[in-house]
Amino acid sequence: MKNTLVMIAMLCSNALMLQAQQLTLRLDKAETEVSPMLYGLMTEEINYSYEGGLYTQLVPNPSFTDMFNPRGGRRGNRQDPNAPRLTVRPDRWQLTDTLKVRVRQNRQGGINNAITTSLVVDFEQAGLGIVSEGYWGFPIRKSTTFKGALYVKLPEARNNQDTPPVGLKSLTIALKSADGSTTYAETKVSGFTNEWKRLEYRLTTSDNQAVTKDARLFIIAGEAGSIELTRVTLYAPSFKDRKNGLRIDLMEMMAEMRPKFLRFPGGNYLEGNNFANRFDWKQTIGNPDERPGHQSPWGYRSSDGLGLLEFLQWAEDVGAEPVVGVFAGYVLNGDHLDGEYVKPFIQDALDEIEYVMGDAKTTKWGAVRARDGHPEPFPLHYVEIGNEDFFDRSGSYPNRFKMFYEAIKARYPQLQIISTVGYNALKSKDIPAPVVDVIDEHYYRNAFDMYRNAFQYDRYDRSGPKIFCGEWATREGSPTTNMNAALGDAAWMSCMERNSDICVMSCYAPLFVNVEPGAMQWQSDLIGYDVLESYGSPSYWAQVMFSKFLGNRIVPVEAVDIPKQKLDRNDEANAVFYTATMDAKTGRIYLKMVNTVGDAQKLNIKLEGVKKVKSKAKKIELKSARPEDTNSIDNPRNIVPQESSQKVGKQFPVTLAPYSITVLVVE
Ligand code: AHR
C-alpha cells in the first residue's frame, strides 16, 4: 500500500513536472518564412577597425599628413637640462636620433592632387633612420612576405639655399625590434633622382622567425645626406591574396558568422563630423596612391585605402551582399542641406548604386568599377538613406528621405529603401508621410534591458514597414563583451528570429576593436585584436551559433510556466528565452534556449506535428560559471561553444546549464 502511494505520488509529480516549464514546438504550424537576410554584419571606421585593423596596409600616416608637435621645449620639468628634447616629427613616426636626423613636412611636396604632403629628411650620418611605429607594432611571423612601396626623390634647394642638399644614394628598409637590435627582414632601395619615383620593395621573414609584435619599420640612410619621401606603405598578406586586401584571420572569423549582408560604411563614419569629412565614396576608389583620405568622426585619419570597392569585395568574400548607406545631406555637427542643395548628393547616391550594380559595358560607373578590377556587378537589394537622422533636429529628414526615395525608385524600382527614422516620426512632419520599405532601428542596451524587451517584436504591427535592426548590442564588458552580454544578445536574437517575418535584417555594432591601450573609442565590441592575434567575444560565439543553426521556417513555440527573474524591486522578466526554426526540406529542427540565471533550468520539450525524430540530437552549448567571464587577447578561447549530444524524442526533458545558450539540432 505504502509503495503504491509512493508510486502514485511519483507519477503525479512527474506529470506536474511535465506540465510545468514546458516548450511546445508547433511544427505543424511552421509556415512563416525565416527572413533569408536575418543575420548580417555592420561596419564603420571606429576603434581602429580598418586602419590598424582589417585593412592590411600597416604603416600609419604613410604620407606624413599629420605632424606631432610637442609645442617646443622639453618634456616634463622645463628646468631639467637632462630631460629629452622633443622634436617635431610625423605622427606615429620616430627618429633614431632627434639631433642628427632632421625632418620637415613639405606641404607642397605631393605626388598628385590627392597626396599633397611629403617629408624631407636630413641624415647627418649613415645608419640613422626614421621609424614607423605601425599600429602598435607589426605582425612578425615566420616565412611571411610583406609587399611595400614608397615614393622617393632628392630634395630641392630651399628658398634660402643656393644648392640643393646632398642627396642620399640608398636606403635600407627593415622590420626590426623596437629597440633596433634585432632585424626580422630587410632590403635596400636606391636610384633616386630629382623626380618622384615609386619604388616597390618586399620584406620576407625567415622560416624560423618567432612570432612577435615587437617590431617597427625602419628606413635607414646608407650615408649622410637628404631625401624626400611620401606614401610609404607595407602590406601584410591578405585574404584570398587580394591586392590592397583585408586581414586573413578577421575575414575568416566573419565568414564563420555566415553573414547574409554587410551594412557599410557606417554608422557615423557615413556622415562625418562635417561635410568635408563625410564618406565621399568617389574619393575612395581607384589607385590607393590617389586617395586623399579623411578624418573619421572617431578621432583619427582614414587613408580610404579600404574604400567602396574594398567594402564590396569584403562582402563578396565572406558570402554576403552589400547593404549600402548613402550620404543623405546631414553631418554630425548638425549641419544639413535640403531642397535644391541636396540634389548633388542624390546624384552621388545614384552614381554609387550604379558603381555597385551597373553593367560594366553600358553604364558609366559600372565601367569605372570594371576598370577598378571588378567587371561583374555586385548584388544589391537594400539601400539606406543616411544614418541615425533622428538626431537631425531641423526636421529635414522626411523631405530629404522622400527626395532620395523617389529618385532611387525611379531608376531602380526593385531596390528596397531603408529609412533611419521610425515611421511615426516621419509621419509627424508637415509633409505627407513618404513611403518607407524598411526602418532601421538601433538598440544599445544592458542585459536587463535586453530581457525586458525580448518580446518587443512579438507586439509589432504586421501591417507597417519591415524592420532592419541595423545596430544593436548588449553593452556589458570592455573592450569586448562578456558572457552576460552574450546572454542579453541571445535573448534579443531569439526575439528577432521568432519575429523575422517583420524584423527582416539585423546586425550587431560595433564589429571590431583594436584592444591596444588608446585604440578604443566605443566599448563592448564583438571581435578584438591587436596587430598579431584576434579573438571572438562570447557575443561573437552566440552569433555564430544563432546564424549557423537556422532553418527557413519559424516554428511557433507555446511556452508554459517559464521561470522568471527579478530585475529590480518592481520589475521582472523571463529567466529563459527561446526560439525555434525548422528546415522545410530536411525537416531538421533548431531549438535555441537561453538560461540567463545562475541556476540550472529544467524544461520539458514537446514536439507537436512530427511523426518521429532520431533519438539523439546535436547539442551546442556556450556557458560560463560567472556572467562576467569573458575572452580576451591573452585568453581568447575561455568561452567557446562545446558540442555534445542530447537524448530526444517527441517529448523529452532538457536541463539548461546556469548562464548558458543552448542549441539543439533535432533530426
Ligand atoms: O556603432 C557606434 C555608433 O553608434 C555608430 O557610429 C552610430 O550610428 C551609433 O550612434
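This is a predicted model: local features need pLDDT of at least 70, side-chain atom pairs count only at pLDDT 80 or more; totals for chains, interfaces and linings use all residues.
Strand S22 covers residues 466–474, and eight bridges join it to strand S21, residues 438–445. These two strands run parallel. As a quick reminder, strands of a sheet pair through backbone hydrogen bonds, either parallel or antiparallel.

So where do S21 and S22 belong? They are part of a barrel closed by eight strands, in the order S2-S15-S18-S19-S20-S21-S22-S23, with parallel pairing. On average, neighbouring strands of this sheet are turned by 30° against each other, direction ignored.

Next, the helices. Helix H6, residues 343–357, packs on the sheet and touches strands S18 and S19. The direction of H6 makes about 165° with that of S18. Helix H8, residues 397–411, lies across S18, S19 and S20, and runs at about 170° to S20.

Let's look at some distances to oxygen atoms of the ligand. A polar side-chain atom of Glu44 lies 2.6 Å from one such oxygen. For Asn268, a backbone N or O atom lies 2.9 Å from a ligand oxygen. With Asn387, an N or O atom in the side chain is 3.1 Å from an oxygen of the ligand. Taken alone, the ligand exposes 280 Å², and the protein buries 94% of that.

Technical notes: Residues are numbered from 1 along each chain as its sequence is written. Side-chain values use heavy atoms; hydrogens and water are left out. Two strands pair if DSSP finds at least two bridges between them. Helices (H or I, at least four residues) and strands (E, at least two) are DSSP runs, numbered from the N terminus. Axes are lines fitted to C-alpha atoms, for helices over the stretch in contact, and angles run from 0 to 180 degrees between N-to-C directions. Contact means heavy atoms within 4.5 Å. A polar contact is a pair of N or O atoms within 3.5 Å; within protein, one must be able to donate a hydrogen and the other to accept it, and residues adjacent in sequence count only if both atoms are side-chain atoms. Accessible areas come from the Shrake-Rupley method with a 1.4 Å probe; for residues, only the protein chains shown count as cover.
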